[in-house]
Amino acid sequence: GNDGQVLTSTGAGSPPAFEDAGGGGAMEFISKTTVSTAVASVTVTGMTNYPRYKVFVSNLSPAAQSTLYMYLTVANGTIIEGDYGVLLKKKTGVTDTNSADFIPLTVVTYAGYYHTMEFTIDESADGTYINIYGEISDRANTGGTAPLNAHTLKANLVSSSDDIGFAGISFAANTGNIDKGTIVVYGIKDS
């Protein structure tokens with residue numbers, strides 16, 4: 001056989017044959033973005049072909065003490081205007097899920113703090129509704145003994161009639177740059 005092929009059965013009494021491997025499960029790799037030098041913002045686009053996306057962010061770190069923002073963007077990377085674009089986090093110590101218990105995801109952070117996030121983005125077929133849920137945690141870069149702070153992410157973005165235009169995500173700090181981190185995105189199929 002050739003690279004990428006697998007041995008399969010061709011039926012009872014027949015010798016097996018090498019064939020191209022079938023597709024993987026429900027998740028399809030979309031992109032991996034790695035920040036290795038300081039940048040003002042990190043934007044990932046190309047999130048237009050699936051009803052659902054899984055996003056993994058590891059070791060995202062600002063260069064200076066700042067507030068870290070996370071936004072939704074349209075295809076060219078422009079931030080979606082108004083309240084639609086801002087992701088939310090759960091208020092500290094709150095157990096309810098009323099909208100008043102959530103605030104914009106503006107994490108006050110310090111140079112050397114690493115942020116890890118895992119969240120899912122669901123979009124309606126007509127693009128008028130987006131649901132985002134997951135978690136963010138941060139830890140000082142002082143080894144495994146540093147305290148870990150965790151927050152719940154939640155956002156429900158609704159447009160009464162228009163496609164919101166969601167196609168990507170963007171991260172930025174209000175002061176200075178983001179100097180490291182990795183963002184990996186997978187598309188999730190319905191079937």
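I began with Lys 54, which touches Glu 118, Phe 119, Thr 120, Val 184, Val 185, Tyr 186 and Ile 188 once residues up to four places away in sequence are left out; contact here means heavy atoms within 4.5 Å.

Before going on, I noted that this is a predicted model, in which local features need pLDDT of at least 70 and side-chain atom pairs count only at pLDDT 80 or more, while totals for chains, interfaces and linings use all residues. Residues are numbered from 1 along each chain as its sequence is written, and side-chain values use heavy atoms, with hydrogens and water left out.

**Entry: Lys 54**

I placed Lys 54 in strand S5, which covers residues 52-62; strands (E, at least two residues) and helices (H or I, at least four) are DSSP runs numbered from the N terminus. Is Lys 54 buried or exposed? Lys 54 is buried, because its relative accessible area is 18%, and buried means under 20%, exposed over 50% and partly exposed in between, with a 1.4 Å probe and protein chains only.

I then looked up its side-chain partners, and found a polar contact of 3.2 Å between the side chains of Lys 54 and Thr 120. A polar contact is a pair of N or O atoms within 3.5 Å; within protein, one must be able to donate a hydrogen and the other to accept it, and residues adjacent in sequence count only if both atoms are side-chain atoms. The side chain of Lys 54 also meets that of Glu 118 in a salt bridge, at 3.4 Å from N to O, a term for a side-chain nitrogen of Lys or Arg within 4 Å of a carboxyl oxygen of Asp or Glu. Lys 54 lies in strand S5 and Glu 118 in strand S10, so the pair ties together parts that are 64 residues apart in sequence. Glu 118 is partly exposed, with a relative accessible area of 39%.

**Entry: other salt bridges**

How many salt bridges does the structure hold? I find that it holds four. One of them joins the side chains of Arg 52 and Asp 122 at 2.5 Å, N to O; Arg 52 lies in strand S5 and Asp 122 in strand S10, so this pair ties together parts that are 70 residues apart in sequence. Arg 52 counts as partly exposed at 26% relative accessibility, whereas Asp 122 counts as buried at 15%.

Another joins the side chains of Glu 28 and Lys 189, at 2.9 Å from N to O. Glu 28 lies in strand S3 (residues 27-35) and Lys 189 in the segment after S14, so the two parts tied together are 161 residues apart in sequence. Glu 28 counts as partly exposed at 26% relative accessibility, and Lys 189 as partly exposed at 29%.

**Entry: aromatic pairs**

I searched the whole structure for aromatic pairs and found four; rings of Phe, Tyr and Trp (its six-membered ring) pair if their centres lie within 6.5 Å, and planes under 30 degrees apart count as stacked, over 60 as edge-to-face and the rest as tilted. The rings of Tyr 53 and Phe 166 have centres 6.3 Å apart and planes at 65°, so this pair is edge-to-face. Tyr 53 sits in strand S5 and Phe 166 in the loop between strand S12 (148-158) and S13, 113 residues apart. Both Tyr 53 and Phe 166 are buried.

Phe 56 and Tyr 186 form an edge-to-face pair too, with 6.1 Å from centre to centre and 85° between the planes. This pair links strand S5, which holds Phe 56, to strand S14, which holds Tyr 186, across 130 residues. Phe 56 counts as partly exposed at 29% relative accessibility, and Tyr 186 at 25%. Phe 29, Phe 56 and Tyr 186 form one aromatic cluster.

**Entry: the core**

Which residues of the largest nonpolar core touch the most other members? Of its 26 residues, they are Val 55, Met 117, Phe 119, Ile 121, Ile 169, Phe 171 and Ile 183. The largest share of this core, four residues, comes from S5. A nonpolar core is a set of buried Ala, Val, Leu, Ile, Met, Phe, Trp, Tyr and Cys residues joined through side-chain atoms within 4.5 Å. Among the contacts of Met 117, neighbours within four places aside, I noted Val 55, Leu 68, Ile 136 and Phe 171.

**Entry: the whole chain**

Last, I noted that the chain has zero helices and 14 strands, and that 37% of its 191 residues count as buried.
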